[in-house]
Amino acid sequence: MKNKNTLFLCIALAATTISSTNAFAQGCVAAHSNQRTIDQLVRTDGGFSGGDWSIHNLTVDLGYRFFNSNKYYIGDDQFARANAIRNHQNIFDIGLEYRLSPRWSLIADIPVYDGTRNQGYPPSGIFQVSGLGDITIGAQSWIFRPPTENGGNIAVSASLKIPTGINDATGSALYKGQIVKATADPSLQPGDGGWGFVLGAQGYKSLWSHSDLYGQGLYLFNPENTNGVPSFRSQPGQGVISVTDQYLFRTGISQSMPKLHNLAFSFGVRAEGVPVRDLIGGSDGFRRPGSIISIDPGVMYNFRKTVLSVNGPWALYRNRPPSVPELENGTKNGDAFFADYTVIVMLSHHF
């Protein structure tokens with residue numbers, strides 16, 4: 001049984017992941033974390049995929065994710081809105097993993113974002129932002145030395161999030177009767193302006209014939225409170241943008257096809273979002289806390305040293321709870337726009 005997985009963000013979050021993997025997202029946009037490819041879920045004639053490693057011991061993941069946030073929510077209630085806001089996101093991701101030993105690897109994730117938002121409320125306008133996101137670098141270790149005899153293993157990872165992404169991108173907008181350079185919505189910003197760290201885990205366990213249980217999880221810790229970037233919000237305590245934690249969790253069952261070698265289908269559930277309060281540090285400023293729970297169908301195909309995976313999470317539950325300033329000031333619960341579905345494509349190659 002061979003092991004190789006690569007970075008994760010979403011992903012969102014991320015993984016992914018994801019961010020998922022960072023330059024995650026805020027509120028109406030799910031976690032930007034990139035999700036790693038679990039190659040062990042695609043069985044070949046002799047067992048799991050992966051093959052023998054070359055002298056380079058390098059894996060490269062190329063990821064792409066897109067979605068459109070256009071469903072209006074306050075809390076977990078959906079409402080119709082005349083001036084619906086559309087937030088379109090394209091998220092590209094380069095994940096690197098270099099194996100130091102059968103258990104230990106160095107990992108890195110480089111996200112790139114391109115987003116467009118037509119904003120109907122002041123400052124109103126069409127914002128377009130592209131750029132490099134926040135890079136993460138770290139290490140991953142399998143709990144048990146692979147290959148294992150029980151058909152399962154767990155990998156844990158820790159990464160440093162470096163604020164390499166722009167967090168104060170602006171666009172021309174109409175504000176108080178004048179055209180101004182206004183800060184783009186936090187959901188469009190490639191970075192959040194804060195140093196942080198990411199803890200993650202993923203694992204798999206063989207079940208019945210050709211079936212496996214899998215799970216992935218990632219949490220971005222952002223200890224910094226706010227980043228000082230003006231939000232153009234008039235509500236008390238929301239004048240600058242908050243630096244938020246983010247999370248991405250997914251689990252399910254994968255089924256390899258005995259008569260269709262190197263092909264596997266998966267079905268699971270996925271949860272991602274931005275919490276109301278960070279686990280470490282303050283949670284002031286403007287943020288859109290929100291959570292999304294989705295069903296998560298997918299397919300994986302292994303061809304020699306390359307694994308292609310496609311997932312299509314479809315939202316079942318969406319919620320935009322009040323933020324810390326809204327709770328403290330007793331103001332009206334804010335709103336958010338959510339997407340119905342996301343398309344995530346990952347191409348993983350072992351050199």
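Predicted model: local features only at pLDDT ≥ 70, side-chain atom pairs only at ≥ 80, totals over all residues.
Hi everyone. Let me begin with a word we need: a strand here is a DSSP run of at least two E residues, and strands are numbered from the N terminus.

Asp-245 is 29 residues away from Val-274 along the chain, yet their C-alpha atoms are separated by 6.1 Å.

Next, the aromatic rings. How many aromatic pairs does a search of the whole structure find? There are 10. Take Tyr-73 and Phe-338: their ring centres are 5.5 Å apart and the planes stand at 90°, which makes the pair edge-to-face. Tyr-73 belongs to strand β3 (residues 58-74) and Phe-338 to strand β21, so this pair ties together parts that are 265 residues apart in sequence. Both Tyr-73 and Phe-338 are buried.

Another pair, Tyr-247 with Phe-249, is stacked, with 5.9 Å from centre to centre and 25° between the planes. Here Tyr-247 counts as buried at 16% relative accessibility, while Phe-249 counts as partly exposed at 39%. There is also a cluster, in which ring pairs link Tyr-64, Phe-66 and Phe-92.

Now for the nonpolar cores. Which residues make up the largest one? They are Phe-127, Val-129, Ala-169, Ala-173, Ala-182, Ala-184 and Leu-188, 7 residues in all. Ala-184, setting aside residues up to four places away in sequence, touches Phe-127, Val-129, Ala-169, Thr-170 and Gln-189. Apart from that core lies another, of 5 residues, and our friends Tyr-73 and Phe-338 are among them, along with Ala-315 and Ala-336.

Rolling a probe the size of a water molecule over the atoms shows where empty space is left. The largest pocket has a volume of about 240 Å³. It is lined by 14 residues, and the closest to its centre are Gln-235, Lys-332, Asn-333, Gly-334 and Asp-335. By type, the lining divides into 3 nonpolar, 5 polar and 6 charged residues.

Let me stay with Gly-334 for a moment. You'll find Gly-334 in the loop between α1 (324-329) and β21 (336-339). Gly-334 counts as buried, at 14% relative accessibility. Leaving aside neighbours within four places in sequence, Gly-334 is in contact with Tyr-73, Ile-74, Arg-320 and Glu-326.

Finally, some backbone details. Most residues other than glycine have a negative phi, and most peptide bonds are trans. Which peptide bonds are cis here? One runs from Pro-122 to Pro-123, with omega near -10°, and Pro-123 is in the loop between β6 (104-119) and β7 (125-132). Another cis bond joins Pro-146 and Pro-147, with omega about 0°, and Pro-147 is in the loop between β8 (135-142) and β9 (152-162).

As for phi, Lys-176 has a positive value near 55°. Lys-176 is in the loop between β10 (170-175) and β11 (178-183), and at 72% relative accessibility Lys-176 counts as exposed. Arg-304 also has a positive phi, near 55°, in the loop between β18 (290-303) and β19 (306-311). Arg-304 counts as exposed too, at 69%.

Notes: Residues numbered from 1 in each chain as written. Heavy atoms only, no water. Helix = DSSP H or I, 4+ residues; strand = E, 2+ residues; numbered from the N terminus. Buried < 20%, exposed > 50% of the residue type's maximum accessible area, 1.4 Å probe, protein only. Contact = heavy atoms within 4.5 Å. Phe/Tyr/Trp six-rings, centres within 6.5 Å; stacked < 30°, edge-to-face > 60°. Core = buried A, V, L, I, M, F, W, Y, C linked by side-chain atoms within 4.5 Å. 1 Å grid on protein atoms, 1.4 Å probe; cavity = no way out; pocket = protein on both sides within 12 Å on 5 of 7 lines; lining within 4 Å. Points joined across faces, edges and corners; volume = space filled by probe spheres on them. Nonpolar A, V, L, I, M, F, W, Y, C, P; charged D, E, K, R; others polar.
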